[in-house]
Amino acid sequence: MRVSKVGVFTAVAAFMLVTASALFAGGVGETEFVDPEERRLEETEELIVYSYGSLPGSLRDSIVEYFDREYGVDVELERIGETGAVYTQLYLERNEPVADAVIGLDQSYLPRLREDRLLEPYEPSSLELVRPELLVDDEFLVVPFDYGYITVNYDGHALEDAPGSWDDLLDPRFRDSFIMLHPGTSSPGRNFLLATIAEFGEDGYLDFWREFRDNVLTVSGSWSEGYGLYTEGEAPMVVSYETSPAYHREFENTDRYNALVFDGAAYLQVEVAGIVRGARNRRNAERLVEYIVSQEFQEQIPLSQIMYPIHPGVTLPDAFQAGPDIDRSVTLDPDRVEENFETWLEQWEDVMR
Amino acid sequence: MGRRDALRSGAPYLIAAVFVLLTVPPVLTVLGAGALERGASAWLEEARRVLAQTGTWRSLRFSVIQAVVSAALSIAIALPGAYFLSHIRFAGRRLVQSVSLLPFVLPSLIVILAIISFYGRSGVLNQLLGTRFAFVYSAGGIILAHILFNISIALRMISAAWMQVDQRLREVSLSLGEGNLRRVLRLHLPLLLPAILNAATVIFLYCFVSFGVVLVFGGVRFATLEVRIYQAMFMNLNLSAAGALALLQLAVCGVAVFAAHRLAARRLAVATRGRRFVMRSGREISWITTVICYGYWVALGVFLFTPLASIALRAFYRNGRWSTAAFRSLIAGSIGDRDIHQIIRADFFELVTTSLAIAGLCAAVTTAAGFIAARAVRGRKVPWLDTLTMAPLAISGVTFSLGLRLLWFGIIPGPVLIIVAQGVMAFPLVFRILRTAMEGVPLRYTETAKSLGAGTLFRVRTLEIPVLWRSILNAYAFGFALSLADFTAVLTIGRGAIVTFPIAMYRLIGFQSFDVALALGVWYIIVVAAAFVAIDLTSHAREKEGL
């Protein structure tokens with residue numbers, strides 16, 4: 001007897017399909033239409049927090065120790081990967097949330113957070129902010145965690161005569177002098193593209209890039225790569241944070257690296273924290289939000305995150321004082337960005353290729 | 001028809017079922033969420049929109065072109081090397097084999113920076129010439145990097161196959177008075193075609209899904225499909241679009257693998273049999289061959305591996321001065337007032353043991369699975385299965401790991417999940433190596449042993465493993481290397497609690513402690529090189545026994 005190949009194949013394929021869909025359904029489908037807020041699980045003495053992979057270990061420790069000391073609560077802080085992956089994880093778990101809180105998304109995620117209803121609001125008992133524009137959400141779905149500006153950084157050893165304005169950047173003497181980060185894969189890169197749109201408007205930014213193109217040596221997929229190229233001396237300018245030079249001043253005692261701020265204005269990035277909708281341990285998540293905005297926690301931000309603390313009571317370390325003055329924060333409305341970013345990116349790619 | 005035969009004829013389907021069960025649900029969990037949620041018609045609408053974008057097709061075209069060129073050049077450059085590795089017992093053979101694997105295990109960020117520190121505008125080469133050529137920021141840079149990453153695949157797969165070419169065929173050719181070149185072209189290349197096509201397919205796939213290398217050297221012009229998938233998934237947070245693009249990528253890879261397979265299958269009939277040839281020692285070859293052989297390795301070393309050496313040297317360079325400060329920081333555990341263990345979250349010993357334990361286990365499990373699967377379908381042409389098992393190369397590691405964790409976390413412990421994720425990612429290469437090798441050994445041996453009454457386990461232990469030893473080690477070495485170099489699965493599944501070398505290096509670079517990261521990289525290279533030498537030594541010991 002000969003078993004027909006087609007028969008065996010069909011049987012196996014059917015088996016696979018059934019099993020796969022069963023597994024699949026178990027993973028996502030089962031509880032699809034139940035509001036997580038209504039089926040909140042019984043509280044435990046725990047707190048599960050999601051953040052991105054590069055959250056400094058010292059901040060993690062500070063949170064873990066604080067909860068252990070004050071409340072005897074075990075904190076599990078999961079550092080997932082890049083910010084986009086943190087969001088995807090929250091989104092995929094939204095019907096059966098695992099995490100109680102999240103740290104490290106930025107203001108650009110707000111429209112999606114609202115639409116997908118991933119967080120629940122909480123207004124901390126006291127929220128003192130160094131700048132009013134840090135309150136990116138007045139419904140308190142998120143609270144600010146730290147902030148910084150996306151600017152051009154330059155290496156003073158390689159560039160004696162740094163550009164003084166956006167127009168200066170176009171000067172042919174800076175040919176092949178700039179390392180851009182890909183706006184589709186790196187969030188500082190994305191914010192820098194947005195900064196040019198804020199500066200030149202939707203009608204003018206492509207003209208800027210068309211001229212600037214020749215001065216761009218390369219486009220890196222991630223900040224680590226781009227910044228590595230820059231400190232290796234491949235090009236004297238890179239997209240980074242306005243606070244990046246503070247790192248070199250503080251830990252390497254060198255002031256060769258500097259940030260450029262044109263006309264006292266720079267593109268603002270606010271990193272935020274929030275409570276996951278349907279969080280099992282809502283009370284502990286509230287405590288976390290309170291702790292994050294407190295002066296005690298914010299004191300640690302500058303030298304661990306190399307970003308600015310949101311709390312006005314924190315005295316900035318000397319390394320942060322030396323940077324350029326910023327009198328005006330620039331941002332684009334997140335809803336407008338959400339709506340148009342794909343188009344802007346496509347157009348930018350068309351110009352750059 | 002007996003039970004055994006039924007089992008045998010069902011084997012490919014069984015393998016496919018296990019494979020699909022391992023890979024499909026995690027991927028569907030992530031990418032299928034878009035369809036599940038918004039309904040099939042909304043999903044199709046989104047898919048149509050994405051597929052209608054000119055950028056998508058532009059990326060696809062660039063992905064294919066650069067991958068074809070990279071694969072072809074890697075093979076062309078590796079061919080002479082594979083010949084020398086399989087025919088001449090020259091001094092430094094082991095070194096060459098182990099060192100060529102290094103780029104494969106290093107985090108891609110380190111390899112990219114290594115290439116730049118050598119070929120870059122302010123790199124060693126330009127400094128020596130007193131110029132500032134930006135050659136590396138072009139298609140040339142992409143291909144250079146891809147060759148560096150993948151040449152070990154070509155070297156190992158082709159030399160292993162070359163060693164299995166029947167010695168008698170060579171003798172016949174000699175007796176016919178054919179010249180060396182003619183013999184290689186007329187006899188060896190056709191016999192090696194399956195191995196060459198296999199290596200080329202694997203390299204094509206690795207280059208096709210390349211991401212960081214393509215962007216940094218080629219800029220936006222050369223953004224691959226993988227870049228667009230990443231963009232859709234993590235920047236635009238559009239799972240439907242990411243799913244549609246991933247399907248397109250999978251389809252193209254499927255077609256490429258299937259086509260290569262059809263091409264190779266036609267040749268598989270010329271399986272080698274009989275006595276294997278004896279490698280010639282340095283004394284038995286002409287001086288001119290010796291010169292060419294060493295010249296080749298030196299040239300390869302200069303162009304491909306000095307970048308790695310230059311980045312190792314870079315670890316001794318801080319703030320414009322030569323110093324061992326980075327190494328001292330690593331030992332002292334601090335940079336300035338910053339605690340390094342705080343940054344890495346593990347001490348050195350822990351780092352070594354975790355990395356080696358995960359990689360060792362992962363390689364063992366994957367090699368065993370690959371061996372069993374290759375054995376089960378031995379002597380049979382199952383192009384659909386050969387295509388299917390290559391699928392993980394076309395799936396994004398982040399997507400797969402994320403899905404795996406979502407599905408199984410809490411049921412299966414984290415470290416096991418990491419090993420599963422890495423194992424699935426390594427399986428295509430491991431399986432290919434073992435399957436190609438197994439098809440090269442005449443079925444006759446096993447038939448004879450069977451007719452003499454040898455049981456399955458006995459045959460595997462005393463016949464198949466010894467005969468295939470070199471390929472099993474190759475498979476193990478690549479499984480080991482891929483697991484060590486993995487960053488995505490460890491980070492996505494381990495969530496910062498499990499620290500391996502690449503994670504520690506990325507953490508240091510993230511804190512701008514570039515030289516300390518490289519110092520750690522130097523230690524990593526030493527540990528890895530020791531492991532490879534140990535793996536390869538076993539193979540050489542066997543060779544001496546005449547196997």
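Let's start with pLDDT, the predictor's confidence in each residue, from 0 to 100. You'll want it here, as this is a predicted model: local features need pLDDT of at least 70, side-chain atom pairs count only at pLDDT 80 or more, and totals for chains, interfaces and linings use all residues. As for labels, residues are numbered from 1 along each chain as its sequence is written, while chains are lettered from A and ligands numbered from 1 in the order in which they are written.

Chain A has a mean pLDDT of 86, with 89% of its residues at 70 or more. Helices (H or I, at least four residues) and strands (E, at least two) are DSSP runs, numbered from the N terminus. Two stretches of chain A stay under 50: residues 1–12 and residues 18–33. Beyond four places in sequence, the model gives residues 1–12 of chain A eleven contacts, and residues 18–33 of chain A 24 contacts. A contact here means that the C-beta atoms of two residues, placed from the backbone, lie within 7 Å.

Next, the domains, whose bounds come from an automatic or database domain assignment. Chain A splits into domain 1 (36–147 + 269–321) and domain 2 (148–268 + 323–352). The C-alpha centres of these two domains of chain A are 27 Å apart, and their contact takes 19 residues from domain 1 of chain A and 18 residues from domain 2 of chain A. On the domain 1 side, α4 (110–116), β10 (265–276) and α12 (318–321) of chain A each supply at least two residues, and α4(A) gives the most, with three residues. Sorted by class, that side of domain 1 of chain A has eleven nonpolar, four polar and four charged residues. For the classes, Ala, Val, Leu, Ile, Met, Phe, Trp, Tyr, Cys and Pro count as nonpolar, Asp, Glu, Lys and Arg as charged, and the others, Gly among them, as polar.

Over to chain B, which is divided into domain 1 (56–224 + 281–314) and domain 2 (321–547). In chain B, the C-alpha centres of the two domains lie 21 Å apart. Here 27 residues of domain 1 of chain B are in contact with 32 residues of domain 2 of chain B. Elements giving two or more residues to the domain 1 side include α9 (139–162), α11 (180–208) and α15 (287–314) of chain B. The largest share of that side, six residues, comes from α11(B). By class, the domain 1 side in chain B has 20 nonpolar, four polar and three charged residues.
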